Amino acid sequence: MEQRHLGRTGLRVSRIGLGTLTWGRDTDEHDAAEQLKAFWDAGGTLVDTADVYGGGKAEYLLGRLMDRLVPRQDLVLSTKAGSVPDPDRRTDGSRGHLLAALDASLDRLGTDHVDLWQLHAFDPYTPLEESLQALDIAVRTGRARYAGVANFCGWQLAKAGTWQLAGDRTRLAGAQLEYSLLQRGVEREVLPAALDLGIGLLPSSPLGRGVLTGKYRGGTPTDSRGASETMAPFVEPYLDDAASRIVDAVTTAADGLATTPLHVALAWVRDRPGVTAPIVGARTARQLTAALSVETLSLPDEICRALDDVSAPVHRYPDHDWSTL
């Protein structure tokens, strides 16, 4: 699998990443092992997790598998901290919480460092420079090799990235946000900020939470995430008429290229400007292998333009020249 630099850093990662959102919850140890082995066999290196995935079980499971299945040194291990299971305060970006969470992650993962450590979300109740100081401490003490953020909007990413570059601090290597043909909101301000600051984008849910595979065109399959009690609310927003039109276009493009909607949707986001590696989360190793086989596909320019047009978000003032409005 092709390797790419994460942002303006020396860190190289596979251009498709493996997500572990459902590990330890919907994905058991056997299925997780098959996924990790298939990913490693395909040349994949970037494995993404978080301290809250499965209540910590995803990290624990990944640590067990690294211990006996895939060499730790062959993986680029990424985890996140800052999200908390508190309905009144969904994020805690305090330095104390973040560093304690990192130590707990390292313990579950069974390693002395992660390759990429990310703030999981922006905390409006903690000064941003305090949260960012935790990234500096993690890198300086060797507990993390690189640092990044996730789910930051445009001004938050620009402020964080600029703050880190302004002094002798750890530059932000990556930013993880949802990005797909069904969710192009990052193109408004996040992506321009990332490109300007040299921060690589790691798209999550690149298949539109599974909807872009076309599996929901005839209803909700009983074995799909959309039929799962825990995941149905996650999928439902992308089952409207606007999404259906985009899925139809992806399916038409796939038919014309003699490939699958999954491959078309994944290749589109993988090769967008500023993107380093989409993070793919699969239910089974078979699904993951199907996604990884996109490696040889590059979409023709005319297909890309057609998909751009059908999925174009509405961005007006101030994103466009005010004199044209």
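I looked up Ser105 in this predicted model and found Ser105 within helix H3, residues 95-109, where helices (H or I, at least four residues) and strands (E, at least two) are DSSP runs numbered from the N terminus. I noted that Ser105 counts as buried because its relative accessibility is 0%, buried meaning under 20% relative accessible area with a 1.4 Å probe and protein chains only. Leaving aside residues up to four places away in sequence, I listed Asp51, Glu59 and Thr79 as touching Ser105, contact meaning heavy atoms within 4.5 Å.

For provenance, I recorded that residues are numbered from 1 along each chain as its sequence is written, and that side-chain values use heavy atoms, with hydrogens and water left out. Local features need pLDDT of at least 70, side-chain atom pairs count only at pLDDT 80 or more, and totals for chains, interfaces and linings use all residues.

I then traced the open sheet, whose eight strands run in the order E9-E8-E7-E6-E5-E4-E3-E10 with parallel pairing, two strands being paired if DSSP finds at least two bridges between them. Strand E9 (200-204) and strand E10 (279-280) are at the edges with a single partner strand each, so one side of each is left without a neighbour in the sheet.

Within the sheet, I checked strand E7 (residues 144-150) and strand E8 (residues 172-178), which pair in the parallel sense over four bridges, and I found Gly148 opposite Gly174 in E8. Helix H5 (residues 154-166) packs on the sheet and touches both E7 and E8.

Methods. Axes fitted to C-alpha atoms, helices over the stretch in contact; angles between N-to-C directions. Buried < 20%, exposed > 50% of the residue type's maximum accessible area, 1.4 Å probe, protein only.
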